[in-house]
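Q: Before we go through the features one at a time, could you show me the sequence and the structure together? I would then like to ask how each feature is read.

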Amino acid sequence: MRNILTKDGSFTLYSEEHSEYYHSLTGAEEEAREKYAQPGVAAIRGKDRVRVLDVCFGLGYNTAAFLDMAEDEMSRIRVEAVGLENDPAVLREILTTPARFRSYPRIRAAVRGEEPSIRIILGDARQTILQAGGPFDLVFFDPFSPKRQPELWSEAFFREIAVRMAPGALLATYSCAKAAREHMGAAGLSVADGPVVKRWAPGTIARKV
Ligand SMILES: C[S@@+](CC[C@H](N)C(=O)[O-])C[C@H]1O[C@@H](n2cnc3c(N)ncnc32)[C@H](O)[C@@H]1O
């Protein structure tokens, strides 16, 4: 696992096992804000309590970006988050990564088991989702690519996620891969393009109808 500086001045990691970066090299924090936090906040306006499922938690950037943005826009919002992550080494990285999110000290506290509103469950997400609870208003879905981890972009796993989503809940992900979208649709989610950031391909937004 190597620390890499991305173009917005934030750090990401490189996975030797999957030969992929954890984030876009154009900006790790920017990706978390634009592809996850922004559509997340837009979907929950008007709510005062929100449950978030962060699948493939990694450095926790998606939850941190969402907390910052949601609390900026809705000062009274209460967020409870569950993160699914199978690599204890990446959770240790959280303790030393110099992320600039205002809420990042809470992500670090969650790693130490000292932040009651953020529960990180260690293990394969296909198993740990069974203990995740719900129903969730938002799902941040951020595995390595469908090419590298087809088992996570499968219809079976999207079904496990979809049954834990509240009616109208939203899943956000960076990928627009056709097969992944088909599997979301087969799992009962309604699929649309997510935000286009710079000249990236759009992500995907999937709603539980
Ligand atoms: C692309 S990175 C996600 C980046 C992350 N959202 C962040 O803010 O840093 C993918 C993450 O999924 C984790 N992962 C891979 N396979 C997994 C699995 N089967 N169950 C749970 N986590 C997994 C990896 O360890 C890695 O942290």
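**Reading the model**

A: The buried residues of α2 are Y61, N62, T63, A64, A65, F66, L67, D68, M69 and A70. A residue is called buried if 20 or more other C-beta atoms lie within 10 Å of its own, exposed if 12 or fewer do, and partly exposed in between, with C-beta atoms placed from the backbone. Helices (H or I, at least four residues) and strands (E, at least two) are DSSP runs, numbered from the N terminus. This is a predicted model, in which local features need pLDDT of at least 70 and side-chain atom pairs count only at pLDDT 80 or more, while totals for chains, interfaces and linings use all residues. Residues are numbered from 1 along each chain as its sequence is written.

Q: Why is α2 described as largely enclosed by the rest of the structure, and against which elements do the buried residues of α2 pack?
A: The description follows from burial: 10 of the 13 residues of α2 are buried, so this helix is largely enclosed by the rest of the structure. Contact here means that the C-beta atoms of two residues, placed from the backbone, lie within 7 Å. The buried residues of α2 pack against α1 (28-44), β4, β5, α4 (104-111), β6 and β7 (136-141).

Q: What span should the 13 residues of α2 have?
A: The expected span of a helix is 1.5 Å times one less than its number of residues. For the 13 residues of α2 this gives 18 Å, and the end C-alpha atoms are 18 Å apart, which agrees.

Q: How is the order of an open sheet of seven strands to be read?
A: Strands of a sheet pair through backbone hydrogen bonds, either parallel or antiparallel. Two strands count as paired if DSSP finds at least two bridges between them. In this model an open sheet of seven strands runs in the order β6-β5-β4-β7-β8-β10-β9, and its pairing is mixed. Its edge strands, each pairing on one side only, are β6 (118-122) and β9 (189-193).

Q: Which strand pairs in this sheet are parallel, and which run antiparallel?
A: Among the parallel cases is that of β4 (residues 49-55) with β5 (residues 78-85), which pair over seven bridges, and there V52 has A81 in β5 as its bridge partner. Among the antiparallel cases, β8 (residues 165-173) is joined to β10 by four bridges, and β9 is joined to β10 by five bridges. A206 in β10 is the bridge partner of L171, and A206 is also the bridge partner of V191. Four of the five residues of β10 (residues 204-208) are buried, so this strand is largely enclosed by the rest of the structure.

Q: In what order do the three strands of the other open sheet lie?
A: The order is β1-β2-β3, with antiparallel pairing, and the edge strands, each pairing on one side only, are β1 (2-5) and β3. Two bridges join β2 to β3, and Y14 stands opposite Y21 in β3.

Q: Which residues come nearest to the ligand?
A: A residue is taken to be near a molecule if its C-beta atom, placed from the backbone, lies within 6 Å of it. Of the 21 residues around the ligand, C56, G58, L59, Y61 and A125 come nearest. The elements that give two or more residues to this shell are α2 (61-73) and β5.

Q: Where does the backbone have a positive phi in a residue other than glycine, and where is there a cis peptide bond?
A: Most residues other than glycine have a negative phi, and most peptide bonds are trans. C56 has a phi near 75 degrees and lies in the loop between β4 and α2; with 21 C-beta neighbours inside 10 Å, C56 counts as buried. S19 has a phi near 50 degrees and is placed in the loop between β2 (11-15) and β3 (20-21); S19 is exposed, with 10 other C-beta atoms within 10 Å. The peptide bond from G134 to P135 is cis, with omega near -5 degrees, and P135 lies in the loop between α5 (125-128) and β7.
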